[in-house]
Amino acid sequence: MIDKGLSERRALRVVSMSPSAYRYQPVTDGNCALKEKIIALAQRHRRYGAGMIYLKLRQAGEIVNHKRVDRLYAEAGLQVKKRKRKKVALAERHPLERPMAANEVWSMDFVFDRTAEGRSIKSLTVVDDATHEAVAIVPERAMGGNQLVNILEQLAATRGLPRAIRTDNGKEFCSRAMLTWAHAKGVQLFLIEPGKPNQNAYIESFNGRFRDECLNEHWFTSLQHARVVVESWRRESFHIGILGWLSWLDVVQGDPLGLGPFGQRMGNELRPVVQPDR
């Protein structure tokens, strides 16, 4: 319109534009370099939020306001998603007491190791809380809820089931197959609180001894090799656990000969009386 002979003021009045808007010159964004640094730090430290990114910039000698870092961090869409905690089934807390009879309470957990080729071994450990006997140690490459139930069914056929089983909140122990099986068999499941392995101290103590005396002392060439070595160690540790249990009962019940209802003497060897199936 100015080219047609109108003055600048009149032309701006016709198009309803202010002189300042007409004469505005865009300013180059001075945050491009800072934004690139923020993105680079966020890609390097994937779990860092805006606060940690700001500290990293200050450590690198960058003089910048934390509010500018927050704004650029949000504009780049770098917000860290919060990891949702796994929901665990609510269960009553039970004090860690040593049962007075065998086959009353079992504790279960997993111990991990590797074979020579680098493949993992996942060993299920089952311990009787009363006798500290290793009821079973089952090494496998992987184990889910259904396989765990099959192992417990095999144990039930050979020695019966306990009144309760104490475990952590692992996905195998909280699986639908495990919960359904326990309800059908009338076995209580004692779940410890997340992050508190001391509430399952018997199995944790056994796992430490199992790793120290067996896993750390052998180099497994295959899964079958691991099964043979682990079962041999379990059978050897069985007698130690039983003798220790009978000694504990001697003190508790005042039976120095170990001839009470929990044990009987056979020749020169103390053996536990077989508990009836439940």
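Select M108, L124, L152, I165, M178 and W181: these have the most contacts inside the largest nonpolar core, which has 23 residues. Such a core is a set of buried Ala, Val, Leu, Ile, Met, Phe, Trp, Tyr and Cys residues joined through side-chain atoms within 4.5 Å. Buried means under 20% relative accessible area (1.4 Å probe, protein chains only).

The model is predicted: local features need pLDDT of at least 70, side-chain atom pairs count only at pLDDT 80 or more, and totals for chains, interfaces and linings use all residues. Residues are numbered from 1 along each chain as its sequence is written, and side-chain values use heavy atoms, with hydrogens and water left out.

Helices (H or I, at least four residues) and strands (E, at least two) are DSSP runs, numbered from the N terminus. The largest share, six residues, comes from α6.

Center on L152. Leaving out residues up to four places away in sequence, L152 touches W106, M108, L161, I165, M178 and W181. Contact means heavy atoms within 4.5 Å.

Now pick V111, I137, F206 and A226. They are among the 16 residues of a second, separate core.

Last stop: α3 (residues 32-44) and α5 (residues 66-75). They pack at about 70°, axes 10 Å apart. Axes are lines fitted to C-alpha atoms over the stretch in contact, and angles run from 0 to 180 degrees between N-to-C directions. The two helices are therefore roughly perpendicular (65 to 115 degrees). Show L34, K35 and I38 of α3 with R68, V69, L72, Y73 and E75 of α5, which make the contact.

Methods: Angles under 35 degrees count as roughly parallel, over 145 as roughly antiparallel, 65 to 115 as roughly perpendicular and the rest as oblique. Buried means under 20% relative accessible area, exposed over 50%, partly exposed in between (1.4 Å probe, protein chains only).
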